[in-house]
Amino acid sequence: MVETIRRINGYDDNAYTYYPIVIVGAGASGIAMACQLKEQLGFDQFRIFERQSGIGGTWWINRYPGVACDVPAIFYSFSFAQNPNWTSFHPPGREIVQYYHKVCQQYKITDKFELNTDVEQCRWLEDEQMWEITLRRLVSGMGDISSKGRSKVMEEKGASAVYSETEIIRSRIVISAVGGLVEPKGWPDEIPGIESFKGPVFHSARWDNSVDFTDKNVVVVGTGCSSAQLVPRLPNAPYNAKSVTQLMRSPPWVAPSAAAPGGDEWWEKNGPKLMRNVPGLLQGLRFLLFLGMEWGFRYFGGTDWSAKHRKRYEDELLKRMKKIVPEKYHEIMTPNYGVGCKRRIFDKRWLKSLNDPKIELTTQPLTRVNEDSVVIGPGVMYPPDAKGDFPEREVPADVIVLANGFDTTRWLHPLKVAGEGGKDLVETMEERGGAQAYQGTAMDGFPNFFIIFGPNTATGHSSVVMASENMVNYSLKFIKLLLNGEATTVDVKHEAEVAFTSEIQNSLKNTVWMSGGCQSWYFTKDGWNSTVYPYSQIDFYRRCRFPKWSDWNITYTKKGATKIWTTRATRFLGAALLIIASYRLRQRGFGVQDMKELLRQSLHGVLSTAANVLTSATNRVS
């Protein structure tokens with residue numbers, strides 16, 4: 001590997017730093033790519049630029065009460081850095097971040113991160129065959145607020161309050177690992193009065209730890225996965241809220257969290273010890289979890305067989321819900337769509353918490369905000385055919401928490417990418433119908449640009465970390481050609497990208513995600529689903545493991561072309577020699593039965609030798 005980080009034109013005004021590889025984003029995908037560049041390719045001449053002030057991506061920034069992994073951590077960790085020391089089956093966010101930091105330490109990549117750095121734009125330079133990248137260094141802490149928040153600060157205090165300097169660098173390869181859960185949704189524009197509210201308002205993904213909840217009336221907007229973790233905590237120590245009113249548009253399907261072997265208490269006491277000391281147990285349990293989750297994919301299909309399993313599963317979940325929550329919530333907690341249409345909540349505490357008199361769940365719509373209250377109603381959002389009188393009412397509010405999700409359909413936002421001919425990546429996607437990428441990883445016209453965990457790569461049943469690893473390994477097959485000097489540029493063919501996207505969108509139509517009867521963050525208002533992969537994770541692994549090379553434009557160097565022809569010639573020569581040898585053996589009367597006898601004698605000889613070695617070793621021991 002001759003590529004190195006270096007200064008170009010270092011004495012001149014147009015000097016810049018050249019990085020062979022730039023990775024955007026320091027979450028799980030960025031960390032995985034960095035580790036595998038070192039492990040698989042032995043390459044460490046790269047930089048990871050991260051807007052936030054810490055390493056860990058969405059797990060670093062999400063600090064709300066109760067934040068934890070709802071997938072068993074044994075399966076939510078990297079395959080190349082498995083962790084036997086998880087303190088619980090579903091560890092808290094802090095422990096997941098600490099795990100990521102340990103992985104960075106293990107692979108000696110911590111020095112490769114540049115934090116508080118916003119990658120504003122990547123522009124392809126066609127003559128130089130490389131990317132020009134605009135970096136903006138952020139004032140400490142500014143990267144930890146949303147892009148909307150930074151824009152507001154700039155409007156009020158000027159750009160210098162957000163950015164300290166701008167730098168232009170260049171790179172041969174750009175890898176976007178910005179993830180999907182980046183930009184929190186803002187306040188709903190249609191709800192007036194938020195300007196008059198005297199208390200704090202913040203999103204769960206930007207939790208304000210300075211807020212004192214003691215004896216406060218809290219309104220939580222949303223009933224997704226984050227709210228299901230934070231709402232049960234608020235009435236209890238150390239928060240001690242006076243009341244919590246949770247506003248719900250429609251009910252989620254709530255499934256029990258995967259049970260730890262022996263139960264949570266037993267696992268926390270014995271699990272880490274067993275994982276460390278029983279050979280193969282960690283890998284075996286991880287594989288069993290994988291198989292179990294793959295089996296769960298049966299709920300998402302459009303066949304009668306899937307519908308039958310889905311109905312059985314729905315009945316089980318409703319029966320469980322009605323056993324746990326008060327009867328007054330049974331109707332509004334019964335979904336009118338197929339399970340899996342929205343992301344399920346894997347719950348430990350939320351359903352039980354609805355028995356707490358301090359917590360109220362309501363489907364009355366939020367209509368306006370006053371200085372120290374919110375107004376909900378009249379009517380209800382769910383169920384659609386609700387009977388009864390639901391008059392407008394005022395709910396006291398000292399704190400408002402938004403748990404209303406993320407702008408998941410705005411891929412790469414706010415990163416701007418301009419490829420061949422100055423084409424904007426997001427605009428190109430939109431012109432073709434919506435966010436998309438071949439294999440979730442590449443777009444034609446954007447050479448040497450790879451997306452990790454791009455459009456249509458999320459699964460509703462498995463680990464996103466596994467999906468990210470698959471994309472990392474897939475991308476490395478092409479990156480290796482570039483770093484070895486075998487190719488100058490690689491990008492997917494236009495027809496291959498269009499065909500792949502068409503296949504994905506058509507396949508999604510028959511799944512529960514698109515036909516299950518719900519509205520979700522998986523797809524846009526016009527029905528474009530840029531989030532979910534319509535097949536199993538096994539299928540995704542297969543596609544990543546065995547690339548369809550004919551779908552790619554690869555500009556080979558002389559070295560690369562020579563290697564290809566040498567490989568082909570060797571294969572041809574080997575096949576020719578095998579045919580000639582077979583022909584000559586047949587001429588000499590050597591038939592199939594003779595071949596079988598030869599193989600039988602060879603195998604007998606090997607087994608006899610092994611038996612003699614074993615007998616000799618046994619005699620020596622005795």
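Author: We may begin with R568, whose place is in helix 15 (residues 558–587). Helices here are DSSP runs of H or I with at least four residues, strands are runs of E with at least two, and both are numbered from the N terminus.

Reader: Is R568 buried, partly exposed or exposed?

Author: R568 is partly exposed, as its relative accessible area is 49%. Buried means under 20% relative accessible area, exposed means over 50%, and partly exposed lies in between, with a 1.4 Å probe and protein chains only.

Reader: How many residues lie between R568 and S210 in sequence, and what is their distance in space?

Author: R568 and S210 are 358 residues apart in sequence and 65 Å apart in space, C-alpha to C-alpha.

Reader: What kind of model is this?

Author: It is a predicted model, in which local features need pLDDT of at least 70 and side-chain atom pairs count only at pLDDT 80 or more, while totals for chains, interfaces and linings use all residues. Residues are numbered from 1 along each chain as its sequence is written, and side-chain values use heavy atoms, with hydrogens and water left out.

Reader: Now to packing. How does one describe two packed helices?

Author: One gives the angle between their axes and the distance between the axes.

Reader: At what angle do helix 1 and helix 3 cross?

Author: Helix 1 (residues 28–41) and helix 3 (residues 93–106) cross at roughly 15°, and their axes come within 10 Å. Axes are lines fitted to C-alpha atoms, for helices over the stretch in contact, and angles run from 0 to 180 degrees between N-to-C directions. Helix 1 and helix 3 are therefore roughly parallel to each other. Angles under 35 degrees count as roughly parallel, over 145 as roughly antiparallel, 65 to 115 as roughly perpendicular, and the rest as oblique.

Reader: Which residues make that contact between helix 1 and helix 3?

Author: A28, I31 and C35 of helix 1 make the contact with Y100, V103 and C104 of helix 3; contact means heavy atoms within 4.5 Å. By class, the contact of helix 1 with helix 3 has six nonpolar residues, no polar ones and no charged ones. Ala, Val, Leu, Ile, Met, Phe, Trp, Tyr, Cys and Pro count as nonpolar, Asp, Glu, Lys and Arg as charged, and the others, Gly among them, as polar.

Reader: What about helix 1 and helix 11: at what angle do they pack?

Author: Helix 1 and helix 11 pack at an angle of about 45°, with their axes 10 Å apart. That makes helix 1 oblique to helix 11. The contact of helix 1 with helix 11 has eight nonpolar, six polar and one charged residues.

Reader: And helix 11 with helix 14?

Author: The axes of helix 11 and helix 14 (residues 537–545) are 8 Å apart, and the packing angle is about 15°. Helix 11 is thus roughly parallel to helix 14. Among the residues that meet are M466 and Y474 in helix 11, and F540 and Y541 in helix 14. Their contact divides into seven nonpolar, two polar and three charged residues.

Reader: How many residues are in the largest nonpolar core?

Author: The largest nonpolar core has 127 residues, and F78 and I479 have the most contacts inside it. Such a core is a set of buried Ala, Val, Leu, Ile, Met, Phe, Trp, Tyr and Cys residues joined through side-chain atoms within 4.5 Å. Helix 11 (residues 464–483) gives the most to this core, with 12 residues.

Reader: Which residues does F78 touch?

Author: Not counting residues up to four places away in sequence, F78 touches several residues, including A28, I31, Y100 and V103. A second, separate core of 24 residues includes F49, W131, V174 and M443.

Reader: A change of topic: where is T223?

Author: T223 is in the loop between strand 9 (217–221) and helix 5 (225–230). With 12% relative accessibility, T223 counts as buried. Beyond its neighbours within four places in sequence, T223 is in contact with residues including Q246, I345, W350 and L361.

Reader: Lastly, is A260 buried or exposed?

Author: A260 counts as buried, at 6% relative accessibility. Its place is in the loop between strand 11 (254–256) and helix 6 (264–277). Leaving aside neighbours within four places in sequence, A260 is in contact with F89 and W267.
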